[in-house]
Amino acid sequence: TRRSSDLNNYETTWYAVSIISSWFSFFLLSFVLIYHITNEYNYRTVRQNVIDGYTRNEYILGKVYLMLAITAIATIYVFIVGLIGGLYFSSFEPKDPNFIQQMFNLGEEVEIQETGFGNMFDGVSNVFRFFIQVLANFAFAFFVAFLAKRGILAILIYYAAYIGELIIGTQLKANNAAVIY
């Protein structure tokens with residue numbers, strides 16, 4: 001038997017929106033954050049901020065607040081897109097599975113177990129996972145940007161670290177090492 005709720009639940013929508021958005025944030029938003037921080041060093045506005053009376057701690061705290069604000073805005077946006085996408089895709093009625101049997105007069109009908117559309121917040125935990133993932137990516141981008149202080153170098157280190165992690169993770173999986181994800 002096939003349940004109609006399998007076709008209409010929000011869980012896959014929340015998951016798909018979170019995964020696609022996490023790649024967007026990894027490539028684009030991290031890029032923007034790195035260049036925002038490294039441009040401060042290139043154009044010497046860090047020194048100007050210190051001369052104007054900001055302490056180094058206040059300057060770094062301002063960058064951390066920027067990172068948290070971008071993460072919160074991206075998470076709210078993903079939540080809204082997931083909610084709208086779930087509403088849109090759950091409005092479609094599934095095709096009648098008996099259509100082919102009726103068309104060719106095959107006789108036996110497929111039994112459908114109706115369970116409704118499910119809860120619209122099934123799988124919303126993926127949005128929280130998105131928040132944690134983006135925050136971790138931004139924290140690493142923040143760290144790399146402050147260490148490298150040059151835009152292109154920081155971007156190369158950031159993406160090279162990701163590729164290195166993929167290679168190491170693949171090797172660990174191939175050797176049946178205990179990998180926790």
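Biologist: In which helix of this predicted model does Arg56 lie?

Modeller: Arg56 sits in helix H4, which covers residues 56-90.

Biologist: Why is Arg56 called exposed?

Modeller: Its relative accessible area is 59%. Exposed means over 50%, so Arg56 is exposed.

Biologist: What makes Lys149 partly exposed?

Modeller: Lys149 has 37% relative accessibility. Buried is under 20% and exposed is over 50%, with partly exposed in between. Therefore Lys149 counts as partly exposed.

Biologist: Where is Lys149, and what is its phi?

Modeller: Lys149 is in the loop between H6 and H7. Its phi is positive, about 65°, although Lys149 is not a glycine.

Biologist: Why does Arg44 count as exposed?

Modeller: Arg44 has a relative accessibility of 51%. The cut-off for exposed is over 50%, so Arg44 counts as exposed. Arg44 lies in the loop between H2 and helix H3 (45-51). Arg44 also has a positive phi, about 60°, without being a glycine.

Biologist: Which residues gather in the patch of positive charge on the surface?

Modeller: Arg44, Arg47, Arg56, Lys149 and Arg150. A patch takes residues with over 30% relative accessible area. Arg56 has 59%, Arg44 has 51% and Lys149 has 37%.

Biologist: Which residues of the largest nonpolar core touch the most other members?

Modeller: Leu33, Ile34, Ile37, Phe138 and Tyr158, out of 27 residues in that core. Helices H2 (11-42), H4, H6 (125-148) and H7 (151-174) each supply at least two residues of this core. H6 gives the most, with 10 residues.

Biologist: How many helices and strands are in the protein chain?

Modeller: The protein chain has 7 helices and 2 strands.

How values were computed: Residues numbered from 1 in each chain as written. Predicted model: local features only at pLDDT ≥ 70, side-chain atom pairs only at ≥ 80, totals over all residues. Heavy atoms only, no water. Patch = residues over 30% accessible without salt bridge, like charges linked within 9 Å, V, L, I, M, F, W, Y side chains within 5 Å. Areas by Shrake-Rupley, 256 points an atom, 1.4 Å probe, with all protein chains shown as cover. Salt bridge = Lys/Arg side-chain N within 4 Å of Asp/Glu carboxyl O. Lys, Arg positive; Asp, Glu negative; His and termini not counted. Charge placed at Lys NZ, Arg CZ, Asp CG, Glu CD. Helix = DSSP H or I, 4+ residues; strand = E, 2+ residues; numbered from the N terminus. Buried < 20%, exposed > 50% of the residue type's maximum accessible area, 1.4 Å probe, protein only. Core = buried A, V, L, I, M, F, W, Y, C linked by side-chain atoms within 4.5 Å.
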